[in-house]
Amino acid sequence: MGTPNDQAVLQAIFNPDTPFGDVVGLDLEETEKEELDEDGVFPQAQLEEYKALELQGVMAAEVGDLSTALERFGQAICLLPERASAYNNRAQARRLQGDVAGALEDLERAVELSRGRGRAARQSFVQRGLLARLQGRDDDARRDFERAARLGSTFARRQLVLLNPYAALCNRMLADMMGQLRGPRNGH
């Protein structure tokens, strides 16, 4: 498979739109283990009920029933108010309803509960970064995407490239150079 550096070089060559050094899958095992460890602090029966409510909320949101989704996420939050996941999901539903302030409030709570670590924090930073971009607050978006990228989000890394015209130009130049080294295409 090669060293992490070898993987980073190959990633830059074959996926020029990602920042150099972005190796897919690196460090995610630790994040997943961390999430499992965090779930261990909650009573198993309550955790199962919580996850069922969350799933019902996600399914309702997917079919456009945002009021039911918000109700289920709220029930999950009442059941285990110290678990961050439902806050992230409720934030998404609130955003879809146009309640950006409510969404940001939920995302802040999810970051606080997750202590800025693990999957819940990664999702919170990505969502908060997207909201900041939509509001034209690129510096805030960049900070959140950087934090999400450090937690393993490849989506956040791609967003950072989009926010950094210089990095995008460098990656494009590298891709063009590699294309020229591979030889002409389509008879050109």
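Let's call a residue buried when its relative accessible area is under 20%, exposed when it is over 50%, and partly exposed in between (1.4 Å probe, protein chains only). What you're looking at is a predicted model, where local features need pLDDT of at least 70, side-chain atom pairs count only at pLDDT 80 or more, and totals for chains, interfaces and linings use all residues. Residues are numbered from 1 along each chain as its sequence is written, and side-chain values use heavy atoms, with hydrogens and water left out.

So what is the chain built from? It has 10 helices and zero strands, where helices (H or I, at least four residues) and strands (E, at least two) are DSSP runs numbered from the N terminus.

With 0% relative accessibility, serine 124 counts as buried. Its neighbours, leaving aside residues up to four places away in sequence, are Asn88, Leu107, Ala110 and Val111; touching, or contact, means heavy atoms within 4.5 Å.

Arginine 115, in the loop between α6 (100-114) and α7 (118-134), has a phi near 55°, a positive value in a residue other than glycine. Most residues other than glycine have a negative phi.

Next come the charged pairs. Side chains of opposite charge can pair when their charged atoms come close. A salt bridge here is a side-chain nitrogen of Lys or Arg within 4 Å of a carboxyl oxygen of Asp or Glu, and a search of the whole structure finds 12 of them. In one of these, arginine 109 pairs with glutamate 82, with the closest N and O atoms 3.4 Å apart. Arginine 109 sits in helix α6 and glutamate 82 in the loop between α4 (66-79) and α5 (85-96), so the pair ties together parts that are 27 residues apart in sequence. Arginine 109 is partly exposed at 23% relative accessibility, and glutamate 82 is partly exposed too, at 48%.

Which helices does the bridge between arginine 128 and aspartate 144 link? The closest N and O atoms of that pair are 2.6 Å apart. Arginine 128 belongs to helix α7 and aspartate 144 to helix α8 (residues 138-150), so parts 16 residues apart in sequence are tied together. Both arginine 128 and aspartate 144 are buried. Elsewhere, salt bridges that share partners join Arg90, Arg94, Asp99 and Asp106 into one network.
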